[in-house]
Amino acid sequence: MSLKKICCIGAGYVGGPTMSVIAEKCPHIEVEVVDISEARIAQWNDEDLNNLPIYEPGLKEIVENTRNKNLFFSTDVARAIEESDIIFISVTTPTKQYGVGQGMAADLKYVEICARQIGKYAKSNKIVVEKSTLPVRTAEAIRDILENSDNDYSFEILSNPEFLAEGTAINDLLFPDRVLIGGNSDTESGIAAMNVLKDLYLNWVQDDHVVLSNVWSSELSKLVANAFLAQRVSSINAISELCEVTEANIKEVSKAIGMDSRIGPKFLNASVGFGGSCFQKDILNLVYISNSYGLKEVGDYWQQVITLNDHQKRRFAYKIVSKLYNTVSDKKITLLGWAFKKDTNDTRESASIYVADYLMNEQAKIVVYDPKVTAEQIYADLDYLNTRSEKENRALLEVVNDPIEACQDAHAIAIMTEWDEFKSYDWKSIYDNMFKPAFLFDGRALLDVESLKGIGFETYVIGKG
Ligand code: NAD
Ligand code: UDX
């Protein structure tokens, strides 16, 4: 098959960057990214590249090179399906908020809508690729829907989960550790489809980095990869609390255990808790799947990763309250950072949301500064929690665009996201303009705590007490 055009349904954090990199590396292929959200597509098409809907280092440059050459963004899902040889499904699969599996299972309604649209609009045989993270055996449901749609075409369903991390997405896509392609190797057409997708990646990825497997292994591997990564963070965060009561130094412990090559140095930074759109949702889904198969102990085991993460966020908020003499009512507390990690404007499941919420319950006056997150997004995150009214959220929390102004007259500052710019602030003058004693809570162990103490700050660093 000579591949002329591919499309991707879903122009989000995965679909947008992934298709941009494919377009950049495969100038001979037309790439179209489609989405039901007109607002999001308008942002992708905005002449000013600073208005792209996603902030990701290196993305702007790639979109500039490719947009309207071989990379296109539109809302015309039907036409894109009709014209494309391969259709990637990269829509959201959030935790289900209703009915059976509420709060645990993945909500597959958006994926199902895509499958039905493909069945409806296809006018030739198609390769359908699961790019979204999906529960194991979802391909069976997609196949069923496509086989029962009113057309005579054949569909090959592949699983090709995405392993990029936000903030490093472009680099992860350009130099992936591996590309996983799951398909049906029992049929000639299944093998052919896997090879078509593999050939697409071979335009820039080394042959030995492309791994082929059966569909179910591929679907499950993605959930398991996230569970293993999140488990490391919860493990080191559990040890961070132990360090605080024993005077062991968490950074020294991380370094010492990370030097064992069987463990390795990455993903051992203690933090205020992991956030992001993937870890919590995918582990909850893994717990749900395990429990659905009657594997209660397996479900309980993975649930504990989430329990520890919730504990870490709560513990940080309560530490602020207890250090501020057990009352934060009417005290100004500045949160530096709202994104769930640096170099992204994504705030989904960010620890900041929960820490702010706990402190607002204590009637603290919260001020937030984040270099890439809008005030609109911050209020939307709080409103979504539904703890209090929209009016109360706006009365208790203020968003400020200037970090110095945000810290002015604060009783305490909390570092929530590891943005590099926080390291270069003039902390002496920030200190001078705060209430005394001035507290600094470093939820990312980002700053040089000894020099902050030298200035006069009362400090608390995660893992250090
Ligand atoms: P996202 O919310 O940023 O983007 C999803 C997009 O799909 C939205 O723009 C939405 O409007 C669109 N959409 C939903 N239903 C649609 C439909 N029927 N037709 C057209 N468009 C539709 O989500 P994301 O972060 O890009 O995640 C997408 C998938 O990739 C999820 O399954 C996620 O678990 C997985 N994933 C995410 C990451 C990550 O870092 N964000 C990494 C790897 C995998
Ligand atoms: C994750 C996976 O890394 C990626 O492979 C998958 O495709 C999507 O989910 P992402 O959520 O974008 O990526 O970011 P990641 O870098 O994994 O960080 C997740 C959370 O863990 C962040 O809140 C981060 O700050 C936190 N974290 C990470 C730590 O607290 N300590 C660490 O050592 C590493």
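Biologist: How many salt bridges does the rule count?
Modeller: This is a predicted model, so to speak of local features we need pLDDT of at least 70, with side-chain atom pairs counted only at 80 or more and totals for chains, interfaces and linings using all residues. Residues are numbered from 1 along each chain as written, chains are lettered from A and ligands numbered from 1 in written order, and side-chain values use heavy atoms, without hydrogens and water. With a salt bridge taken as a side-chain nitrogen of Lys or Arg within 4 Å of a carboxyl oxygen of Asp or Glu, the count comes to 26.

Biologist: Which residue forms a salt bridge with K5?
Modeller: K5 sits in strand β1 (residues 5-9), and its partner, 27 residues apart, is in strand β2 (residues 30-34); strands are DSSP runs of E with at least two residues, helices runs of H or I with at least four, and both are numbered from the N terminus. The closest N and O atoms of the pair are 2.6 Å apart, and the partner is E32.

Biologist: Let's turn to the domains. How far apart do the C-alpha centres of domain 1 and domain 2 lie?
Modeller: The domain assignment, automatic or from a database, gives domain 1 as 5-205 and domain 2 as 246-461. Their C-alpha centres lie at a separation of 32 Å.

Biologist: What area do domain 1 and domain 2 bury between them?
Modeller: Contact (heavy atoms within 4.5 Å) joins 24 residues of domain 1 to 20 residues of domain 2. Carbon and sulfur atoms carry 53% of the buried area, which is the accessible area (1.4 Å probe) lost on putting the two parts together, summed over both. The total is about 1600 Å².

Biologist: Which three residues supply 41% of the area that domain 1 buries against domain 2?
Modeller: No other three residues of domain 1 give more of that area. The trio is Y55, M104 and E166.

Biologist: Which side chain does E166 meet in a salt bridge?
Modeller: Across the interface of domain 1 and domain 2 the rule finds 1 salt bridge. For E166, the N to O distance is 3.8 Å, and the partner is R348.

Biologist: Which helix gives the most to the lining of the largest cavity?
Modeller: Lining residues have an atom within 4 Å of a point, and here they include E130, L134, P161, S218, E219 and K222. With 3 residues from 215-246, the answer is helix α9.

Biologist: Where does the largest share of the lining of the second largest pocket come from?
Modeller: This pocket has a volume of about 210 Å³, and M1, F155 and V196 are among its lining residues. β5 (126-130), β6 (155-159) and α8 (188-201) each supply at least two. The largest share, 4 residues, comes from α8.

Biologist: Which loop holds P437?
Modeller: The peptide bond from K436 to P437 is cis, with omega near -5°, whereas most peptide bonds are trans. P437 lies in the loop between α17 (427-432) and β13 (439-442).

Technical notes
On a 1 Å grid over the protein atoms alone, a cavity is a set of points where a 1.4 Å probe fits but cannot get out, and a pocket is an open set with protein on both sides within 12 Å along at least five of seven lines; lining residues have an atom within 4 Å of a point. Grid points are joined across faces, edges and corners, and a volume is the space filled by probe spheres set on the points.
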